[in-house]
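Please look through the model shown here before reading on.

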Amino acid sequence: MTADKIKAAALAHFANHGYSGASLSGIASDVGIKTPSIYAHFKNKDELFLAVTEEAIAHEWEKATAYFNDSSLSFKEKLYGFLQLQMENYEQDERAKFWLRTSFFPPEHLEEQLMDHVYSYLDKMESLLLQEFKEAKELGLQDLNIKQAAKAYIALLDGVFVEMLYGGEGSAEERLEASWYMYERALFS
């Protein structure tokens, strides 16, 4: 289907060049169609961008829930592994790169709409983490501490994201190791 091909090409352009740097003519060229043909499927660049955003969010959420539903890992392994997975995904998966870039650098005119998606995702992620913490009875944390631990984990994840965007892979790995060392000592010692 042409709409799917357009979204796939748009994803690559938006992930690598941002909203402003992506052009409909470049997207159309990658699909092998003329630019006006895009308008048969999407009203404008904004509608295409939002369609790509919704698919990227759904994909990232599916990956997160599948990862945390993996019962072969210990709780500690899940937490650390998810941080590593996010770094790998950013380097290898254009949907992850697009989602991260969009959540930190939304187009100004779409910011309010996109931030609703970002905060909804973060709320769902926090709920998922709270459930994971509740199930990790070996920690012996009380409810208040569980909420704090989940929020601190989200902050750790945010710190790694920021370093991936601004500092690059090596710097992000250093931040991950240093932050995880402190988080792990506080939670599991």
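Is Leu 128 buried or exposed? In this predicted model, Leu 128 has a relative accessibility of 15%, and because buried means under 20%, Leu 128 counts as buried. Leu 128 sits in helix α7, which covers residues 111–135. Leaving aside residues up to four places away in sequence, Leu 128 touches Trp 61, Ala 64, Thr 65 and Phe 68. Lys 7 is 121 residues from Leu 128 along the chain, and the C-alpha atoms of the two are separated by 29 Å.

Next come the aromatic rings. A pair of aromatic rings is described by the distance of the centres and the angle of the planes. The whole structure holds 17 aromatic pairs. One of them joins Trp 99 and Tyr 121: the ring centres are 5.4 Å apart and the planes stand at 70 degrees, so this pair is edge-to-face. Trp 99 belongs to helix α6 (residues 94–104) and Tyr 121 to helix α7, so the pair ties together parts 22 residues apart in sequence. Trp 99 is buried at 8% relative accessible area, and Tyr 121 is buried at 10% relative accessibility.

Tyr 153 and Tyr 183 make a tilted pair, with 5.9 Å from centre to centre and 55 degrees between the planes. Since Tyr 153 lies in helix α8 (residues 143–166) and Tyr 183 in helix α9 (residues 169–188), this pair ties together parts that are 30 residues apart in sequence. Both tyrosines, Tyr 153 and Tyr 183, are buried. They also belong to a cluster linked by ring pairs, together with Phe 75, Tyr 80, Phe 133, Trp 180 and Phe 188.

Lysines also meet ring faces. Lys 45 lies over the face of Tyr 19, 4.5 Å from the ring centre, and Lys 97 lies over the face of Tyr 90, at 5.7 Å from the ring centre.

Definitions and conventions
Residues are numbered from 1 along each chain as its sequence is written. This is a predicted model: local features need pLDDT of at least 70, side-chain atom pairs count only at pLDDT 80 or more; totals for chains, interfaces and linings use all residues. Side-chain values use heavy atoms; hydrogens and water are left out. Helices (H or I, at least four residues) and strands (E, at least two) are DSSP runs, numbered from the N terminus. Buried means under 20% relative accessible area, exposed over 50%, partly exposed in between (1.4 Å probe, protein chains only). Contact means heavy atoms within 4.5 Å. Rings of Phe, Tyr and Trp (its six-membered ring) pair if their centres lie within 6.5 Å; planes under 30 degrees apart count as stacked, over 60 as edge-to-face and the rest as tilted. A charge sits over a ring if NZ of Lys or CZ of Arg is within 6 Å of the ring centre and within 35 degrees of the ring normal.
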